[in-house]
Amino acid sequence: MSSGPVQITEAYAFADPADLDFDARYVLYLGPENQAVAMSASSGLAEQYMILYAKEEKILASYNLSIYDTAESAQTAAEAMAATGTAMAPAEEDGAVIYSLSDGAAMELVMASLSEAGLLPDTNASSFANFQVEMNGAVLLG
């Protein structure tokens, strides 16, 4: 299992939550060439990360980090997402990075719906990470 901070930008490294007891961490990266990122490039989106924490194949938390070209673009995106009910917080060390947290219960609902739709074989964390790689073009960094 990888551990230690994940370097997101030159100024910001994401640290593992101290209060989370996990046995697996999946760091998924979507770069500028990724279709989902490229479709939002006009809003300033440059990269995205999804960091999943799991214990015994059960996702405990999912952090979604979006990196924008400027802090202003990130703020505009955060305001737009807030209007749709998604709270995005800025990273203190780098205003161009905003993130959200989905807890284990929310992730269970997401995975159950994907499984029911036949897109996931089960609701295991590793299956969800593989889905992100195969269906969304994410790169598994560790």
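Which residues of α2 are buried?

## Basis of the model

The structure is a predicted model, in which local features need pLDDT of at least 70, side-chain atom pairs count only at pLDDT 80 or more, and totals for chains, interfaces and linings use all residues. Residues are numbered from 1 along each chain as its sequence is written, and side-chain values use heavy atoms, with hydrogens and water left out.

## Helix α2

In α2, the buried residues are S73, A74, A77 and A78. Buried means under 20% relative accessible area, exposed means over 50%, and partly exposed lies in between (1.4 Å probe, protein chains only). Helices (H or I, at least four residues) and strands (E, at least two) are DSSP runs, numbered from the N terminus. The buried residues of α2 fall within an arc of 135° when seen down the axis, so they line one face of the helix; the arc is that of the directions from the helix axis to the C-beta atoms. An α-helix has 3.6 residues a turn, so residues three or four places apart point the same way.

The cover over the buried residues of α2 includes β5 and β7. On the face turned away from the buried side are the exposed residues E72, T76 and A83. After α2 comes G85, whose phi is positive, near 95°.

## The sheet

Six strands form an open sheet in the order β6-β7-β5-β4-β3-β8, with antiparallel pairing. Two strands pair if DSSP finds at least two bridges between them. β6 (89–91) and β8 (139–140) stand at the edges, each with a single partner strand, so one side of each is left without a neighbour in the sheet.

β6 and β7 are paired over three bridges, and A91 stands opposite D94 in β7. A hairpin through two residues joins β6 to β7. Between β5 and β7 there are seven bridges, and I67 has V97 as its bridge partner in β7. β3 and β8 are joined by two bridges; L28 has its bridge partner, L140, in β8.

## Helix α3

Helix α3 (residues 104–116) has 13 residues, which at 1.5 Å a residue should span 18 Å; its end C-alpha atoms are 18 Å apart, which agrees. The expected span is 1.5 Å times one less than the number of residues. G104, M107, M111 and L114 are the buried residues of α3. They cover an arc of only 85° around the axis, which puts them on the same side of α3.

These buried residues pack against β4 (45–55), β5 (58–68), β7 (94–103) and α4 (125–136). The opposite face carries the exposed residues A105, L109 and E116. Just after α3, G118 takes a positive phi of about 80°.

## Nonpolar cores

A nonpolar core is a set of buried Ala, Val, Leu, Ile, Met, Phe, Trp, Tyr and Cys residues joined through side-chain atoms within 4.5 Å. The largest has 25 residues, of which Y26, L52, I59, I98 and F128 touch the most other members. Two or more residues come from each of β3 (24–30), β4, β5, α2 (71–83), α3 and α4. Apart from this core lies another, of 16 residues, among them I8, I51, A61 and L65.

S62 is found in strand β5 and is buried, with a relative accessible area of 1%. Leaving aside neighbours within four places in sequence, S62 is in contact (heavy atoms within 4.5 Å) with M50, I51, L52, S100, L101, S102 and M107.
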